[in-house]
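Hi everyone, thanks for coming.

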Amino acid sequence: APAPSPTAAAGPVTPAVVAPAPPGLIRARAYPVDAEIFIDGASLGRGVVLDARVPSGRRRLHVRAPGYADFDSTVVIVAGQTTQLPRINLRPTELTP
């Protein structure tokens with residue numbers, strides 16, 4: 001009788017590398033209209049972002065515009081879903097006495 005093959009494993013072998021979750025979509029609107037919207041340091045656009053593909057999971061949101069205070073936050077993007085952010089209003093950096 002032939003010897004059993006040493007490569008025959010009991011059950012399927014799970015790969016060590018887990019495939020990344022599918023991306024989600026993000027919608028964001030910022031004021032002023034030239035404010036640049038970033039996710040994890042990558043620019044998505046200025047003023048309005050509609051259905052931009054973003055990796056799912058916890059992401060860093062950063063919005064900036066000249067003459068305004070930067071906005072930093074964390075958003076959670078759900079795979080296969082659209083995340084609608086509330087409008088982001090940047091505050092002017094000029095302080096009134």
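This is a predicted model: local features need pLDDT of at least 70, side-chain atom pairs count only at pLDDT 80 or more; totals for chains, interfaces and linings use all residues.

Where does Arg 59 sit? It belongs to strand β5, which covers residues 57–64. And is Arg 59 buried or exposed? With a relative accessible area of 19%, Arg 59 counts as buried, because the cut-off for buried is under 20%. As for its neighbours, leaving aside residues up to four places away in sequence, Arg 59 touches Ile 39, Asp 40, Val 54, Ser 73, Thr 74, Val 75 and Ile 77.

Asp 40 is in the loop between β2 and β3, and its phi is near 50°, a positive value in a residue other than glycine. Its relative accessible area is 42%, so Asp 40 is partly exposed.

Now have a look at Asp 51, also not a glycine, with a positive phi of about 55°. Asp 51 lies within strand β4, residues 48–54. Asp 51 is partly exposed too, at a relative accessible area of 32%.

My last stop is a peptide bond. Going from Tyr 31 to Pro 32, the bond is cis, with omega near 5°. You'll find Pro 32 in the loop between β1 (24–31) and β2 (36–39).

Why pick out these backbone spots? Because most residues other than glycine have a negative phi, and most peptide bonds are trans. Thanks, all!

How values were computed:
Residues are numbered from 1 along each chain as its sequence is written. Side-chain values use heavy atoms; hydrogens and water are left out. Helices (H or I, at least four residues) and strands (E, at least two) are DSSP runs, numbered from the N terminus. Buried means under 20% relative accessible area, exposed over 50%, partly exposed in between (1.4 Å probe, protein chains only). Contact means heavy atoms within 4.5 Å.
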